Amino acid sequence: MLAFLLIVGLSFFAMAGSLSSMVGDYLFTQQIRADRTGLEMLAVKISDDVYQGDVDALRSQLSLASGEMGGRIMLLDENGKVQLDTFGEMNGERLQYPEITNILAKGMTTDYGVHELETGHQLDSNNLLFTRRGNASWVGYCSAGVVHSSRIIGVLLLVSPVQEMMQNLYQLQDRMVLIFIVIAAAALLCALIFARLITKPVGGLMRGIQRMSKGDFSARVTSKNSGEFKQLAQAFNSMSEKLETLDQSRNQFVSNASHELKTPLATMKIMLESLIYQPDMDKELRAEFMNDINSEIDRLSNVVSDLLTLVQMDSKNVKLTRENLSIAALIKENAHRLQPIADQKQQQIALTLSDPCDIYADRSKLNQVIYNLMENAVKYTQAGGQIRVSLVRQGREAVFTVTDNGPGIPKENLPHVFDRFYRVDKARSREKGGTGLGLSIVHQLVLLHGGAIRVESEEGKGASFIVELPLHQG
Ligand SMILES: Nc1ncnc2c1ncn2[C@@H]1O[C@H](COP(=O)(O)OP(=O)(O)OP(=O)(O)O)[C@@H](O)[C@H]1O
Ligand SMILES: [Mg+2]
């Protein structure tokens with residue numbers, strides 16, 4: 001910002017300088033032209049008298065011209081020595097102004113320069129702004145060579161006051177500098193306002209990013225602008241929203257997982273303590289405790305392996321070991337595995353497999369999908385219930401449905417059944433040994449196979465899980 005101010009200031013200053021010297025040059029040219037022509041004409045006129053050394057004639061001519069041209073006129077010989085001075089003060093003195101040496105030494109016909117009266121210092125018309133001296137009085141020196149038979153035999157010097165012209169020039173300069181300062185200030189103000197307008201939304205965004213980098217995902221940016229900034233703000237907001245949800249679900253996951261691991265550990269600890277502190281415990285009770293501890297360990301190891309499966313799928317480096325399979329065959333296998341439990345509950349498992357539905361997929365993962373869905377149906381449906389499993393081919397897809405006439409899932413819980421650790425009836429499904437991870441694993445596995453899963457249910461009437469899998473895969 002400072003650099004920008006400096007550049008603007010300097011360029012305006014340079015512009016003011018060059019403009020004022022341009023005006024100065026113009027004014028000088030006017031003056032010089034008049035003085036030069038007058039002096040040149042005079043030089044021609046007196047050339048013979050100089051040659052002949054007619055001092056009286058010269059004196060009268062010079063004082064006449066001096067009156068006409070409004071300045072002091074001096075005649076110098078070819079050595080720069082004053083021969084005649086209309087003011088009569090400098091006779092015999094040698095002058096070494098550049099205007100004189102330019103003619104005598106360099107052979108110029110005329111020359112002009114402005115000098116400070118007191119010091120003789122020459123004015124640099126190209127740099128008026130920086131060589132300005134406030135209270136100096138200025139005089140103009142105009143010189144012209146007196147030529148006779150192609151030889152310079154003397155120099156005429158007209159010294160005229162240019163104070164008034166210089167005053168005007170200075171006034172003009174002052175005014176110009178003032179105008180430029182005003183313009184520069186206005187431009188700077190505009191630039192500042194403009195820069196503010198641009199940096200303000202960026203600042204908001206920056207603060208948002210800083211908050212987010214410190215782990216505060218609730219940061220949102222508002223943008224009143226339209227266009228790119230609004231889009232940027234919207235993109236930022238949707239990103240931070242996603243990160244916030246991700247952060248929350250991660251925290252939820254960790255707390256759920258630890259809770260899930262803690263419960264069986266606490267149960268086991270109580271039972272173990274009873275075994276330790278009651279050595280004379282009834283043999284049967286002791287055996288029962290041992291059994292309970294054993295099943296808690298099973299539960300723990302199930303949770304851990306489920307968690308591992310999920311973490312593996314999250315890290316996106318799951319490899320599917322695909323082979324040619326028949327979904328119908330897999331369903332039959334799983335029905336066979338679950339039959340004993342279903343028999344215990346006097347449940348019927350009815351299979352309607354209208355097509356073998358050959359698929360190129362990962363056997364164990366597809367098995368997990370089918371088993372989890374059928375196991376849920378058996379587990380949550382009351383004794384004497386009905387489980388219907390169907391498989392149909394629809395175009396290039398296999399549609400596999402598991403329907404039961406159990407308690408169903410309340411409408412408000414439906415959107416969450418695929419969430420991790422989600423259980424509809426917390427107490428009851430825990431009793432049944434569930435951790436709430438089954439469906440989320442199923443969901444991930446179906447997605448991995450390029451398929452989709454959804455649930456339809458009416459409370460009290462049963463639930464239906466529908467899986468669609470593309471048949472022609474890689
Ligand atoms: N067929 C169904 N009928 C009624 N409720 C069901 C059915 N299937 C699942 N649910 C409900 O959805 C919840 C989530 O099911 P999920 O399979 O993910 O977990 P779980 O069966 O409790 O545990 P896990 O499968 O990990 O042993 C269950 O707790 C249960 O409340
Ligand atoms: Mg389950």
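**Entry 1. Domains**

I began with the domain assignment, which gives domain 1 (2-186), domain 2 (228-314) and domain 3 (322-470); such bounds come from an automatic or database domain assignment. I note that this is a predicted model, in which local features need pLDDT of at least 70 and side-chain atom pairs count only at pLDDT 80 or more, while totals for chains, interfaces and linings use all residues. Residues are numbered from 1 along each chain as its sequence is written, and chains are lettered from A and ligands numbered from 1 in the order in which they are written.

**Entry 2. Domain 2 against domain 3**

I looked up the centres of domain 2 and domain 3, taken over C-alpha atoms, and found them separated by 23 Å. Nine residues of domain 2 are in contact with eight residues of domain 3, contact being C-beta atoms, placed from the backbone, within 7 Å. On the domain 2 side, α5 (228-277) and α6 (283-314) each supply at least two of the touching residues. Helices here are DSSP runs of H or I with at least four residues, strands are runs of E with at least two, and both are numbered from the N terminus. The largest share of that side, six residues, comes from α6. By class, I recorded four nonpolar, two polar and three charged residues there. Ala, Val, Leu, Ile, Met, Phe, Trp, Tyr, Cys and Pro count as nonpolar, Asp, Glu, Lys and Arg as charged, and the others, Gly among them, as polar.

**Entry 3. The nonpolar cores**

I next examined the largest nonpolar core, which has 36 residues; Ile327, Val369, Leu373, Met374 and Val442 touch the most other members. A core of this kind is a set of buried Ala, Val, Leu, Ile, Met, Phe, Trp, Tyr and Cys residues joined through C-beta atoms within 7 Å. Buried means 20 or more other C-beta atoms within 10 Å of the residue's own, exposed means 12 or fewer, and partly exposed lies in between, with C-beta atoms placed from the backbone. The elements that each supply at least two residues of this core are α7 (327-344), β8 (358-362), α8, β9 (386-394), β10 (397-404), α10 and β12 (462-470). Of these, α8 gives the most, with eight residues. I followed Ile327 and found that it touches Cys357, Ile359, Leu391, Ala398 and Phe400, leaving aside residues up to four places away in sequence. A second, separate core has 30 residues, including Leu42, Val50, Val114 and Val155.

**Entry 4. Around ligand 1**

I listed 24 residues surrounding ligand 1, the closest being Arg423, Val424, Gly434, Gly438 and Leu439. A residue is near the ligand if its C-beta atom, placed from the backbone, lies within 6 Å of it. Two elements give two or more residues to this shell, α8 (363-380) and α10 (438-448). The largest share, four residues, comes from α8. The shell divides into 10 nonpolar, 10 polar and four charged residues.

Just after α10, Gly450 takes a positive phi of about 80°.

Strand β11 (residues 452-458) runs antiparallel to β12, joined by seven bridges; I count strands as paired if DSSP finds at least two bridges between them. Ala452 has Glu468 of β12 as its bridge partner. The hairpin of β11 and β12 has three residues between the strands, and Gly460 takes a positive phi near 85° there.

**Entry 5. Strand β1 and its partners**

I traced β1 (residues 72-77) to β5, with which it pairs in the antiparallel sense over six bridges. Asp77 has Gly154 as its bridge partner in β5. Three bridges join β1 to β2 (residues 82-85), also antiparallel, and Met74 stands opposite Asp85 in β2. In the hairpin of β1 and β2, with four residues between the strands, Gly80 takes a positive phi near 85°.

Most residues other than glycine have a negative phi. I therefore looked up Ser150, whose phi is near 60°, and which is exposed, with 5 other C-beta atoms within 10 Å. Ser150 is found in the loop between β4 (138-148) and β5 (151-161). Phe421 has a phi near 65° and is found in the loop between β10 and α9 (426-431). With 19 C-beta neighbours inside 10 Å, Phe421 counts as partly exposed.

Methods
Two residues are in contact if their C-beta atoms, placed from the backbone, lie within 7 Å.
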